[in-house]
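Please read it with the model open.

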Amino acid sequence: MKSEQPRSEHIEEQATTHTNGTHMRGLIWLCGVLMVLVVTAIVYFVWMMTKNVDTFGKGLRILDRSEWLGEPPTSVENLIMPVSHVIIHHTATEGCEREEECIYRMRMIQTFHMKSLGFTDIAYNFLVGGDGQVYVGRGWQAQGQHIKGYGSVSLSIAFMGTFISVMPKKKQLWAARRLMEEGVRLHKLDADYHIYAHRQLTATESPGEKLFGLMKHWPRWTEDVNPLFLSIVYRFPIPVRGLNQEPLRLVERPAWLAQPSVEMLPPLKWPVQKVRFECTSTDSCETQASCTFRIRYLQTFHIESLQHKDINYNFVVGGDGNVYVGRGWNYSCDVPDFEGLIVGLVCQSQPTTSQRNIAKELLARSVKLGTLKRDYQLLDDLN
């Protein structure tokens, strides 16, 4: 009996050791599983931080053209860096809240711009989705086709969606702001750049009343559009011609960035017998930049709101002393029961004496050119 007692104790000791070893292996296995889960969670968190923009973080997710499967442009014209002006648009489409939706929108917008509008690429330099991400359109270097004539002196940022009665998402606003900050950091944007809304430059709803209301509180939003117009004017100098030693400055259509007529215009028969002076019923303009804006606005208003084929004046006399060529001498205007020349004067109700004198000098030149009869009849609606 005495010999069996130590043997029993030995067996119990072995059993205890085996049990402890099993528990230890279980703990080690459990710790390994926990470490794998922790590492997986950390990796997933880091991936999510880089994949999606955190609205209140410091990251900015920019998808290049390959990521949204953009088609290559048919041609490219480069911008001069750094750019001093940013124009904000909305795409006037449905919005998007997930990356796959925004990619679909990008492809549809590019297809519409290239196939239907005949653009060389998607019109905008960058677009901002409702997912808080930035999608590269033409990028920093290439001129856009967002507004005719402005692509050479500005960058365009379009918010995906329609913001006439709906507010843009906070992360869209945040991403657009961070994109502009990045532009300054990369020396693509001038440190003292200005921001404008599409509607400040042409007759349009874009970027929508709600977004425009927010823009007015942005530090770099600019109400005065003259700096932008001047940057265009300096790129397209106006030819100056004289008649009898008196200056008559004609601004041809390319110089004021006219859009083409939407349809073939009826011809104007020479020599013209009747001439009509009309006020444009708009604010006056005193500088070349503001008059360029006024004439562009008139053309857009006449085409889009009044359904004319083009600006409905043959010539327009600005308060800056320039004569802006509308339909010119070759085409008549859309006025019932009137066959003749229509000269607009930029004013609300009464032009200045200088504008009248310039308009009469234009007529004197026309008589010399043989496009206006010497005994022409002037219908002055301004008296």
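1. Start with C333. C333 is buried, at a relative accessible area of 9%. Buried means under 20% relative accessible area, exposed means over 50%, and partly exposed lies in between (1.4 Å probe, protein chains only).

2. A word on the source. This is a predicted model, in which local features need pLDDT of at least 70, side-chain atom pairs count only at pLDDT 80 or more, and totals for chains, interfaces and linings use all residues. Residues are numbered from 1 along each chain as its sequence is written, and side-chain values use heavy atoms, with hydrogens and water left out.

3. How many disulfides does a search of the whole structure find? It finds three. A disulfide is a covalent bond between the sulfur atoms of two cysteines. Here the test is a pair of cysteine sulfur atoms within 2.5 Å.

4. C96 pairs with C102, S to S 2.1 Å. The link of C96 and C102 is right-handed, with 100° about the S-S bond. C96 is buried at 3% relative accessible area, and C102 is buried at 0%.

5. C279 and C347 have sulfur atoms 1.8 Å apart and form a disulfide. This pair links distant parts of the chain, 68 residues apart. C279 sits in strand β9 (residues 272-279), and C347 in the loop between β12 (341-345) and α7 (353-369). Strands (E, at least two residues) and helices (H or I, at least four) are DSSP runs, numbered from the N terminus. The link of C279 and C347 is left-handed, at -100°. Both C279 and C347 are buried.

6. C285 and C291 also form a disulfide, with sulfur atoms 2.0 Å apart. The torsion about their S-S bond is about 95°, so the disulfide is right-handed. C285 and C291 are both buried.

7. Count the bonded cysteines along the chain: the pattern is 1-2, 3-6, 4-5.
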